Amino acid sequence: MRGFLVLRVVAKLLMPFMLVFALYVQFHGDYSPGGGFQAGVIIAATMIFYALIFGLPAARQLVPEALVETMVALGVLIYAGVGVAGLLLGGNYLDYFVLAHSPVHGQERGIFWVEVGVAVTVSGVMLKIFYMFAGRQRSAEDE
Amino acid sequence: MAALTLGIALQRNLYAVVVLSGAYSFLMATALVALDAVDVAMTEASVGAGISTVLLLGALYLCGGEEAKPLTRPWLPLAIALVIAGALVYGTLGLPAFSDPTAPIHTHVVPRYLHDALRETGVPNVVTAVLASYRGYDTLGETTVVFTAGAGVIALLRRLRRRKDGGHKA
Amino acid sequence: MSVASHFSYWVTILLMVAGLYIVIARGNLVKKLIGLSIFQTSVYLLYIAPGKLIGGTAPIVSPAFKIYSNPLPHVLILTAIVVGVATLALGLALVVRIREEYGSIEEDEILAADGAGGDDE
């Protein structure tokens with residue numbers, strides 16, 4: 001797909017909008033449909049789109065394997081970390097109301113970080129699975 | 001959607017089946033919007049028609065895209081399917097009617113969620129509030145499931161990566 | 001009890017049985033996985049359809065609306081969708097490995113190859 005000029009130009013134009021839309025879905029998930037999962041999937045779809053148009057090695061250069069593998073684990077750690085923060089500040093595990101000066105603000109802060117963790121893990125896992133499927137050589141002819 | 005499902009069952013070219021399943025997923029998302037489930041529709045459209053299609057196409061590239069003709073006519077599975085359908089229809093006769101406000105699903109804990117979510121969490125989207133705050137443990141478990149799936153795929157597919165001579169890469 | 005009041009359940013049952021038929025009647029492993037995902041989407045309908053209230057709106061609290069559809073099934077099904085795609089990804093990884101080991105993804109060919117050559121492992 002590298003030779004098609006229209007596809008390359010349109011892809012480069014579209015990708016920032018897709019990423020901004022993913023961020024909008026993530027952070028506006030409190031007021032409209034959205035949230036962590038949808039945003040994570042849209043981020044992964046943006047990177048898959050880039051890999052389809054510009055080739056897998058270019059995508060691997062943009063988002064290296066090590067970064068993706070780190071993202072996969074980091075999201076779960078963020079989520080569990082919010083729970084542990086609740087423990088350290090005086091409440092039970094995953095209590096949000098102790099996280100800030102007022103319970104409602106604590107809830108908002110807890111929900112924010114939890115959704116960030118979910119989005120990071122989901123986008124990392126989807127992108128990693130795509131890398132694994134697309135990077136594998138078809139070995140049927142060798143056998 | 002029934003027509004799409006029939007096409008998926010009968011079609012033997014697997015690439016066509018993948019396209020049909022993507023169309024099915026979009027129709028399901030539309031039906032979900034009609035049922036006021038907007039978060040779920042967004043997730044189903046992005047995950048079902050986006051990620052699933054990409055993964056299926058990747059797997060088909062690695063596996064070959066044609067299904068073999070079945071050797072015997074599948075009467076027994078068809079009979080089993082019809083019997084199960086009959087039993088399920090009989091079972092649903094006792095369920096509450098569509099959009100019945102006095103059904104048990106609307107009367108136990110949901111009025112409390114709808115009344116208090118904005119006041120207690122400051123988040124108008126009740127689905128996000130319930131998902132992240134009232135039922136936060138479930139979401140932690142789900143994130144762990146996604147992580148485990150990623151780890152499992154890494155464990156399964158890590159060998160034989162980009163070696164032209166077919167040797168294993170440890 | 002009329003057709004209109006239970007129609008959503010029957011649509012769900014139709015899709016569920018169609019997915020089940022694809023899983024048990026087709027030998028190709030990838031097609032079985034697609035049938036399984038059809039089965040899963042029918043279960044989403046099974047949960048969300050009873051939550052809908054005619055005249056209600058999406059469960060986002062705002063001063064303009066009084067009646068909301070039930071948000072609790074939405075939460076459960078959000079989790080279910082993500083778990084479903086995780087299952088599909090793992091299943092497809094397994095199918096790719098099976099293809100590399102046995103050379104085919106048709107169920108009867110795999111069983112034949114397993115029965116013929118796998119006894120000495």
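Helix H1(B) passes H2(B) in a left-handed crossing. The contact draws on Leu4(B), Thr5(B), Gly7(B) and Ile8(B) from H1(B), and on Val17(B), Leu20(B), Ser21(B), Ala23(B), Tyr24(B) and Leu27(B) from H2(B). Classified by residue type, this contact holds 7 nonpolar, 3 polar and no charged residues. The model is a predicted one, with an ipTM of 0.86 and a pTM of 0.85.

**Geometry of the H1(B)–H2(B) pair**

- The axes of H1(B) and H2(B) lie 9 Å apart, and the two helices pack at an angle of about 160°.
- H1(B) is therefore roughly antiparallel to H2(B), since angles over 145 degrees fall in that category.

**Confidence of the prediction**

- Chain B has a mean pLDDT of 80, with 85% of its residues at 70 or more.
- For chain C the average pLDDT is 83, and 93% of the residues score at least 70.
- Within chain B, the element with the lowest mean pLDDT is H1(B), at 77, while H7(B) has the highest, at 90.
- Over residues 164–170 of chain B the pLDDT stays under 50, and the model has 8 contacts beyond four places in sequence for this stretch.
- Where pLDDT is low, the predicted coordinates should not be read in detail.

**Overall architecture of chain B**

- Chain B contains 7 helices and 0 strands, so that its elements, read from the N terminus, run α-α-α-α-α-α-α.
- Of the 170 residues in chain B, 38% are buried.
- Taking contacts in chain B between residues at least 6 apart in sequence, 31% join residues at least 24 apart.

**Ser25(B) in helix H2**

- Ser25(B) belongs to helix H2 of chain B.
- Ser25(B) counts as buried because it has 23 C-beta neighbours inside 10 Å, where 20 or more are required.
- Once neighbours within four places in sequence are set aside, the contacts of Ser25(B) are Glu44(B), Ala45(B), Gly48(B), Ala49(B) and Ser52(B).
- Ser25(B) and Gly50(B) are separated by 25 residues in sequence, and their C-alpha atoms are 9.2 Å apart in space.

**Asp36(B) in the H2–H3 loop**

- The loop between H2 and H3 of chain B holds Asp36(B).
- Although Asp36(B) is not a glycine, its phi is positive, at about 65°.
- Most residues other than glycine have a negative phi.
- Asp36(B) is classed as buried because 22 C-beta neighbours lie inside 10 Å.

**Interface between chains B and C**

- At this interface, 72 residues of chain B are in contact with 67 residues of chain C.
- Each of the helices H1 (2–10), H2 (14–34), H3 (38–63), H4 (75–92), H5 (110–121), H6 (126–134) and H7 (136–157) of chain B supplies at least two residues to the side of chain B that touches chain C.
- The greatest contribution to that side comes from H3(B), with 14 residues.
- The side of chain B that touches chain C comprises 56 nonpolar, 9 polar and 7 charged residues.

**Packing of H6(B) against H3(C)**

- The axes of H6(B) and helix H3 of chain C, residues 72–102, come within 9 Å and cross at roughly 60°.
- H6(B) is therefore oblique to H3(C).
- The crossing of this pair, H6(B) and H3(C), is right-handed.
- On the H6(B) side, Val127(B), Val130(B) and Leu131(B) meet Leu72(C), His74(C), Val75(C) and Leu78(C) of H3(C).
- The contact of H6(B) with H3(C) divides into 6 nonpolar residues, 1 polar residue and no charged residues.

**Interface between chains C and A**

- Here 6 residues of chain C are in contact with 5 residues of chain A.
- On the side of chain C that touches chain A, 4 residues are nonpolar, 1 is polar and 1 is charged.

How values were computed: Residues numbered from 1 in each chain as written. Chains lettered and ligands numbered in written order. Predicted model: local features only at pLDDT ≥ 70, side-chain atom pairs only at ≥ 80, totals over all residues. Contact = placed C-beta atoms within 7 Å. Nonpolar A, V, L, I, M, F, W, Y, C, P; charged D, E, K, R; others polar. Helix = DSSP H or I, 4+ residues; strand = E, 2+ residues; numbered from the N terminus. Buried ≥ 20, exposed ≤ 12 C-beta atoms within 10 Å, placed from the backbone. pLDDT = per-residue confidence, 0-100. Axes fitted to C-alpha atoms, helices over the stretch in contact; angles between N-to-C directions. Parallel < 35°, antiparallel > 145°, perpendicular 65-115°, else oblique. Left-handed = near helix turned anticlockwise from the far one by under 90°.
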